Every structure is written in C-alpha cells, then in structure tokens.
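Here's a quick briefing on aromatic contacts. Have the sequence and structure open as you read.

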Amino acid sequence: MTGKLLQVFGVLFVLALVGGSIAGFGILKDRVKVVVSPDAAATGPDPIAELKDNVNVLSGELGTLQQALGTNFEQLAAGIDERAGARHAELMGLQRDLAAVQKQLAALGQENVALRQQLAQLGKQLEALPAGGGMQVASAPGGAAALPAEPQPQPQATPAAVETPPPTAPAELAEAPKKPDASKPKGNFLFGGAKFRCDEPHDYEIVPELSRVAFDAKSTLHDFTGVTQNVSGTFRIDFDDPQGAWSGSVRCDATTLKTGVDGRDSNMWEYLDTKNHPAIEFTIEKFEPAKDGVDVVRQTAKGEVVGTMSIRGKQKPVRMPVQLEIDPQKRLIVKGEMPLSLPDYDVPVPSQLGVINMEKDVKVWISLRARVKAGGGK
Amino acid sequence: MSRGLQTMTLLVASSLVAGCFGGTHIKPEERDIDVPVLDLAFQPAGAMVLDGLYESVDIQGDMALSWRKVYYLFSPNGNYTAAALGEGDSGPAFTTLTGNWKCDARGLSLDDSEPLPLEQAPGHLRVSAAGGSLVLAQRKLQ
C-alpha cells in the first residue's frame, strides 16, 4: 500500500518538475539575452599602430646616429692623418740626426786611426833615438809637433766663462791615471768631479798639519811621549786589493821629535843619531787585511801593514796593525801602533847614572790624514 | 860609599827627577789632530740677496777631491765671480769662473742651472749638490 502510494507521489513529482520547467521557460524566454563580449585584456591602443610608431622612432634615431657617426669618423680620420704627419716629420728628423751622428762617428774613427798612426810613428821615432838622447822631441813633417795641434773638444758643463784653458792632450795618448780634473770647472765647482771609491787604487799624500807620528816610552820615574808633526810621504792604496799590493812610505823628521823637556830632547836626538840619520822612515810593502776587515760601503779597513822600519840607519821588517777610514772631506785617516825595541835599531837605551832607566821597548803610533794626490786616481 | 858621594848621587838624581817631571803619554783618544768642527744651525735660506765675499770652510763629498778651497764673490745685481783651488797637473792651481746667480725658495741657481738647496746660518751659507756640500763663510773684502 505504502509502496504504491510512493510510486504515485513520484510520478506526480516528476510531472510537476516538467510542468514547472516548461512554465519557467515560457516566462523567461524573452527576457534572457546572450551577449558574447571580447576579453578585457584585449582593450587598449592598437598594437599594430603602436609598432608602427616605434619603427618610425627607431628609424629617426638611426638616421641621427648615422649622421653623428659620419662626423666622428671624419674627425678621427683627420686626427690620424695629422698625427701620422707629425710622426713622419719626427722620423725624418731622427733619420737626419742619426745620419749626422754616423757621420761624426766616422769622422772620429778617422781621427782615431790618424792618432794611432801618429802614435805608432812617434814610437818608432823614439825607438830610433840613440840612448841618452831621448830629450829631443820628434816632430812631424813640416816642423809641427807630431801630436794633433787641434785641441780636443771639451764638454762645456755650464755657460759660465771658464778662464782656465782645458788640457789639449788626447786622452788616449796620456797614460796618466784618472783624477779629479781641477782645470775644468764642473758646474760652478759644485757638480761632477770624480766619484771616489776606496776600493780603487789611489795615491795619497800625507797632510802634515793633520798628522802625527810619535812613540810612548816608559822610564823608572814616569812615562812620556815623543811626537812630531813633521811627517811626509805618499802611498798607493786600494782598500780591497786582494793582493794587498800597497806601496809608499811614511817619513818623519827625527830632529823635530819633542818630548816636552828640552834636555831630554837633546839626549833623544843624540841617541837617535839624528845628525847622521835625521829621518825615521817606514816603507810600506804590503797590506794584509783582517778577516772581514774591509768594508767598502763604510769605507773602512783593518789589517796589518807589512813593511820596513828604518831608524838610525838600521832597517828591520815590521808589521803594524792599522785602521783606515775615509772622512767626509774624502781624506784618508790612518791610525796604528806597534811595539818597537830600541836595541833592534842600535838605539842606546837611556839611563841616568843607573838610577833613572828607560824601558827598551817603546810603542810607536801614527795618526795620519792624507789627501788623494793630484793625478792619484785609479 | 862615602857620605859625600851618596849626597852627590842624591843631588844628581833629584835634579834629573825634577827635569823629567812634566810629561806623560798622550792618551789614545787625544792622538788625532783636532779638525775644527762647524757647529752651525743651518736653515733653508729661501729667497735672499747674496752680496759679498764667501770663502769655503768645509768641503765634503766627492767635490772635496777636486777642490781644496773655493771663493765666491756675489754681487747683488745677480753676477758672481769665483775661484777654486784644485789639484792641477803640476800642483795646486786656481780655476776661476764668472756667471750669474739667482736665489729663490727652491735654492741657489748658478748660471741658470737647476737650483741647489741653499741653507744659511749666521755668517755662513751651505750649498748642497750631488757631489757633496760646501760651507761658505762670509768674509769682509777690505
């Protein structure tokens, strides 16, 4: 019963839905309008028109750029041409200078050859001279001196007026060692000059006013020093000579040794026999540097000078430890001392009535300053 | 020994002792001859007018190899004349120069050369160059 009732209600519900739908369609069919509108994102300016505008702008800019580039290229080309012209002119000038230098070199070479020939002729003429007759100077044909008469060109360091004539002898012909050339002012006396090196051989000359040679003696009563500034001598020294081949001598006037007591001085001169042997001389034969004793940078040296001491006419080999340095004025300072036994030189040892006795050993010391001698360079 | 001989010996010894006193060793640090050292407070000279005679009192450096003595006579009008005693082939010899000078904050320029540092102290000038330095003392030209 209930099932049949439900079936009836179902059929009625379906019919009601169909009827309602038909009725609703009838009512709304005139009120519903379907409109298809374009997408909202597609609204705005026409892209094609915009693209055209862009193309037009780019075209204009491209034209401007082409114009500017053209100007720049023209300027660049002009600049390159100008610089190339300047370089070419410089190159031509350099070529001319080079040609002139080559020409001068050739001329100098010819002069050199001529000088050598003249030198060879001079040598032959000197060889041909008889022994002892060498004081005659050979002359070139025509009576002119064999050496070239023209002075060699001298560099003029400054526009200052030089009143001392430069030397005219060619450097090749003179075997004199290099030295500070005082005859040519180098930049108002303040420039140039030789660069001093202590590790090159130099001839030094003692400056007596700044030098002393002395001895220290001891006696029964007191000690005393005999000293003199009357010192002279020259020596050739190279601080760093591996052979230590030094040479020269130091000489002092024994008659000027003073001890501060006149009577004692008279006795001393008598003992030294200064009437017959007025000089005390030390001859330098060799230098033996101490280990690491030479400092070229600091211009100092330590070592022993080997040589011969001559006192009262008697000579003995001696070794004197010395210290050397170069002072700011480029003078050589030599300091040294060594023991010396008076009997070795046959010098009587002073004694007064056996009461006052002097010791037979004395200490000899030197304090010397020496200048590089004229022409004493390497 | 008689008394008289002893007395004589003592007298002789005393006289000798008296004669010997008065001398001792020269100390090692006193062996060198004193070289006068210039103790001057130099200051940059700046622009100044050089006038008068100057004599070198110290030459240092390589230029000391060439010159033993240097004299400059500066005139306020910018001219100078100078002489230097150097080592010639046959001994010391003077070399002379004349030229012009300028002095400004950069230093002393001689003959239009590059200015050299110039310093001054009372009565003195010091010129420095590559070859050393030169201290000049002003002298009166009488």
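**Aromatic rings at a glance**

A:Phe287 is buried, at 2% relative accessible area (buried means under 20%, with a 1.4 Å probe and protein chains only). This is a predicted model, where local features need pLDDT of at least 70, side-chain atom pairs count only at pLDDT 80 or more, and totals for chains, interfaces and linings use all residues. Residues are numbered from 1 along each chain as its sequence is written, chains are lettered from A and ligands numbered from 1 in the order written, and side-chain values use heavy atoms, leaving out hydrogens and water.

**Within chain A**
- A:Trp246 is buried too, at 4%.
- The A:Trp246 and A:Phe287 rings sit with centres 3.9 Å apart and planes at 5°, so they're stacked (ring centres within 6.5 Å make a pair, and planes under 30 degrees apart count as stacked, over 60 as edge-to-face).
- A:Trp246 is in the loop between strand 6 (234–237) and strand 7 (247–253), A:Phe287 in strand 8 (residues 279–295), so the pair ties together parts 41 residues apart in sequence (strands are DSSP E runs of at least two residues, numbered from the N terminus).

**Across the chains**
- Over all chains, the structure holds 10 aromatic pairs.
- A:Phe189 and B:Trp67 have ring centres 5.0 Å apart and planes at 70°, so this pair is edge-to-face.
- That pair crosses between chains, and A:Phe189 is buried at 1%, as is B:Trp67 at 3%.
- Ring pairs link a cluster whose members include A:Phe189, B:Trp67, B:Tyr72 and B:Trp101.

How values were computed:
Rings of Phe, Tyr and Trp (its six-membered ring) pair if their centres lie within 6.5 Å; planes under 30 degrees apart count as stacked, over 60 as edge-to-face and the rest as tilted. Helices (H or I, at least four residues) and strands (E, at least two) are DSSP runs, numbered from the N terminus. Buried means under 20% relative accessible area, exposed over 50%, partly exposed in between (1.4 Å probe, protein chains only).
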